[in-house]
Amino acid sequence: MVTRALLIPLLPLIAFVIITFLGKWLKEKSAWIAIGLNLVSTFFAFTVIWEVIKGAHFSASAAWLVINQIPLEVGIAVDPLAAMMLFVVTFVGTLIIIYSVGYMHEDPRYPKFFAYLSLFMFSMLGLVISPTLVQIYVFWELVGLCSYFLIGFWFEKKSASDAGRKAFITNRIGDIGFFLGIATFFYATGTMRFSDMTPELMHAHTGSTVLTLSALLLFCGAIGKSAQFPLHVWLPDAMEGPTPVSALIHAATMVAAGVYLVARLFPIFHAIPEASQVVAAIGTLTAFMAAFFALTQMDIKKVLAYSTISQLGYMMAAIGVGGMTAGTFHLMTHAFFKALLFLGAGSVIHGSGVQDMREMGGLRKSMPVTFWTFVIATVAIAGIPPFSGFWSKDEILASALESGHTVIFYTLVMTALMTSFYMFRLLFLTFFGKTRGHAHESPWVMTLPLVILAIGSIGIGLPGSPFMHHWFQNFISHHHEEIQMNTFVVTLSIATSLLGFLTALILYVIKTELPVKLAKKFWLFYTFSHNKFWIDEFYQATVIRWFKSFADLAFRFDEGIIDRAVNEVGWKTVWTANLKNWIDTYIVDGLVNLTGWMTQQTSALLRHVQTGYIHHYLFFMVLGLLIIVYAIF
Amino acid sequence: MTIPLNHLLIFTSLLFLIGLYGALTRRNLVGILMSIEIMLNAVNVNFVLFAASLSPKAGQVFVLFIIVMAAATASVGLAIVLAIYRNQKTIYTDQINLLKW
């Protein structure tokens with residue numbers, strides 16, 4: 001069973017390796033390799049979750065290195081939470097890969113796209129089954145890297161490559177916090193294993209300042225990955241990537257990682273009220289703010305991007321107020337309907353060729369499958385029963401109310417209202433009204449995933465609903481406190497959803513001239529929302545500008561001092577070398593040459609002795625003989 | 001009657017010097033060879049003389065060997081001269097300077 005669980009992330013990795021090396025020959029077939037291996041992986045995930053439902057809980061690990069006698073482990077651990085994530089990631093991810101076959105079919109880097117998708121799946125699945133903080137960090141970074149590849153996939157466009165870089169760097173800021181959090185956590189408790197993070201361990205460290213700090217730092221990582229305020233700025237820009245990538249990042253992988261991390265570390269946050277307060281506050285603020293921004297966006301994908309940020313804020317808020325199961329439940333349902341929304345938006349873009357909602361309209365006739373699935377997703381996210389979004393959102397609102405955070409509760413209700421409004425606004429602007437251009441329905445490889453996800457969006461909420469006695473919540477956490485159906489919350493929730501729907505209906509179907517007037521009248525709100533509180537501009541003017549000037553300073557230091565010193569050394573070396581060269585040429589070589597020259601000169605003189613005349617030799621011989629005779633006697 | 005040893009030694013010395021003079025002055029290779037033969041003969045005579053005046057007298061036998069050897073060396077010498085002639089078309093030493101550097 002462990003082997004099977006291990007194969008779940010490894011199969012996409014194998015697909016990545018095969019496509020990377022053989023992509024040139026495989027061409028179109030590389031997609032089928034990715035789909036095939038991911039399907040097998042999905043199948044394994046199904047069997048694994050089946051075993052886990054039956055009560056199995058398996059883990060395996062090996063010591064990687066030992067620090068102060070404490071082993072640092074690598075391995076896998078599958079508990080209910082991880083099993084749920086495995087199921088969601090493989091299922092939704094594989095559908096998105098199938099969808100990409102249709103969406104990317106004309107792309108020149110077609111095989112590479114599937115290689116990246118598979119790598120992304122591998123990273124996310126590896127992250128899910130990590131048993132320690134260090135291992136999760138490794139996969140965390142891999143996920144970030146893959147997001148960089150995929151968001152900047154069309155890197156010929158400057159905006160796309162900028163967006164990839166922005167996502168990567170913004171995440172890096174959060175990851176620094178995450179890394180420091182891991183370090184301080186290890187310092188405080190001496191363990192990195194998730195299985196050690198029990199309430200008992202936390203009890204031993206009650207009131208520890210270091211641990212509080214570490215929890216907040218760990219949350220920094222989640223802020224970056226899950227695009228929470230103030231690091232949410234990368235996510236809307238990430239829309240520059242191909243739409244399947246947006247779906248994958250927003251539904252199954254990447255942003256889910258942050259929520260998953262906080263859910264994993266729930267015992268820590270639960271034990272430190274200050275930290276969970278921060279989580280709840282950031283989550284609520286993000287949820288409200290992003291929903292507010294989504295109200296006035298005109299780009300179909302931008303609306304969905306802010307919607308994702310908002311929904312992630314919801315999940316964070318839920319976990320922050322103690323509703324860990326509610327948060328993870330929403331994570332699962334959201335994965336389905338948000339993937340469906342993005343794929344639907346992709347289908348619309350693919351079919352109509354535009355991304356601005358003002359240029360769309362009346363598409364329900366020409367794209368019936370996309371339309372109906374989109375309706376289901378919209379109803380699900382807006383929180384109208386009995387669709388999945390209702391159950392999970394209701395759960396979150398109930399846990400917010402029960403924990404006694406009234407401000408958070410009402411803010412989330414407001415957010416729900418706005419969510420319902422902007423989603424129906426999107427729906428009406430895109431599919432209703434006048435037809436503004438030619439559009440065609442997408443091929444079956446694209447509509448099939450839509451249909452499957454639509455079924456999922458309807459049904460996936462049921463396991464957590466009162467009809468099944470909150471089976472899902474009990475599955476994820478055994479310590480789950482029973483949440484009663486709160487009539488007040490349910491009524492309020494349905495009322496806000498319907499109110500949002502009706503407002504959108506009036507403004508965008510019945511009295512279509514009204515939005516412009518309202519925008520003029522409430523210009524202050526409109527400008528704030530439309531310009532997203534100028535947060536991007538604020539970062540540009542402060543952090544980025546400071547950073548750039550600091551980088552400029554560092555550059556000048558580099559150029560003026562370090563480079564110059566290096567160059568000086570270089571020049572001096574060249575000068576000395578020239579001197580040595582001169583000495584070599586004229587003195588050392590000169591001496592050698594002089595010896596040779598002198599030898600030549602003397603031999604030129606002496607060679608005249610050798611006349612070659614035999615009688616001369618004879619003469620000298622006799623002469624020599626005589627001299628010898630004379631010397632002897 | 002016996003000729004005193006001194007006279008005979010003077011004779012062989014003269015003979016030797018004549019040969020030496022010839023060897024040094026002649027330019028013809030054959031002449032040089034002949035002069036060398038003269039010097040050889042002078043030495044031979046000297047040999048015989050000392051062998052006769054000193055005992056044992058068997059030393060004279062060696063002179064016969066030397067004569068035979070001289071004949072052999074002369075033939076080798078003449079052969080060299082012949083080879084030089086074929087190569088250089090001359091046997092005059094002042095025209096042959098192949099030994100020069």
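Predicted model: local features only at pLDDT ≥ 70, side-chain atom pairs only at ≥ 80, totals over all residues.
Residues are numbered from 1 along each chain as its sequence is written, while chains are lettered from A and ligands numbered from 1 in the order in which they are written.

Let's start with the core. The largest nonpolar core holds 196 residues, and A:Leu86 and A:Val262 have the most contacts inside it. A nonpolar core here is a set of buried Ala, Val, Leu, Ile, Met, Phe, Trp, Tyr and Cys residues joined through C-beta atoms within 7 Å. Buried, in turn, takes 20 or more other C-beta atoms within 10 Å of a residue's own; 12 or fewer makes it exposed, anything in between partly exposed, and the C-beta atoms are placed from the backbone. Helix H3 of chain A, residues 80–103, supplies the largest share of this core, 18 residues. Helices, by the way, are DSSP runs (H or I, at least four residues), numbered from the N terminus. Leave out residues up to four places away in sequence, and A:Leu86 touches A:Ile8, A:Ala45, A:Val48, A:Ile49, A:Leu125 and A:Val128. Contact means that two C-beta atoms, placed from the backbone, lie within 7 Å.

Now for helix pairs. H17 (residues 368–382) and H19 (residues 406–431) of chain A pack at about 165° with their axes 9 Å apart. The axes are lines fitted to C-alpha atoms over the stretch in contact, and angles run from 0 to 180 degrees between N-to-C directions. H17(A) and H19(A) are therefore roughly antiparallel; the cut-offs are over 145 degrees for that label, under 35 for roughly parallel, 65 to 115 for roughly perpendicular, and oblique for the rest. The crossing of H17(A) past H19(A) is left-handed, as it is called when the near helix is turned anticlockwise from the far one by less than a right angle, with clockwise giving right-handed. On the H17(A) side you'll find A:Phe371, A:Phe374, A:Val375, A:Thr378, A:Ile381 and A:Ala382, meeting A:Thr419, A:Ser420, A:Met423, A:Phe424, A:Leu427 and A:Phe431 of H19(A). The residues of this contact split into nine nonpolar, three polar and no charged.

A second pair brings in H8 (residues 209–225) of chain A, whose axis comes within 9 Å of that of H13(A) and crosses at roughly 25°. That makes H8(A) roughly parallel to H13(A), and the crossing is right-handed. From H8(A) come A:Thr212, A:Ala215, A:Leu216, A:Phe219 and A:Ile223; H13(A) answers with A:Glu274, A:Ala275, A:Val278, A:Val279 and A:Ile282. The tally for H8(A) with H13(A) is eight nonpolar, one polar and one charged.

Stay with H13, residues 273–294 of chain A, for A:Ala287. A:Ala287 is buried, with 31 other C-beta atoms within 10 Å. Beyond neighbours within four places in sequence, A:Ala287 contacts A:Ser310, A:Gly313, A:Tyr314, A:Ala317, A:Leu412 and A:Thr415. For contrast, look at A:Phe21 in H1 (residues 2–26) of chain A, which counts as exposed with 11 C-beta neighbours inside 10 Å.

Most residues other than glycine have a negative phi, and most peptide bonds are trans. The loop between H8 and H9 of chain A holds A:Pro230, joined to A:Phe229 by a cis peptide bond with omega about 5°. That loop also holds A:Ala227, where phi is near 55°, a positive value in a residue other than glycine. A:Ala227 counts as buried, with 31 C-beta neighbours inside 10 Å. Over in chain B, B:Lys89 has a positive phi of about 60° and sits in the segment after H3 (60–88); with 8 C-beta neighbours inside 10 Å, B:Lys89 counts as exposed.

Key: Helix = DSSP H or I, 4+ residues; strand = E, 2+ residues; numbered from the N terminus. Nonpolar A, V, L, I, M, F, W, Y, C, P; charged D, E, K, R; others polar.
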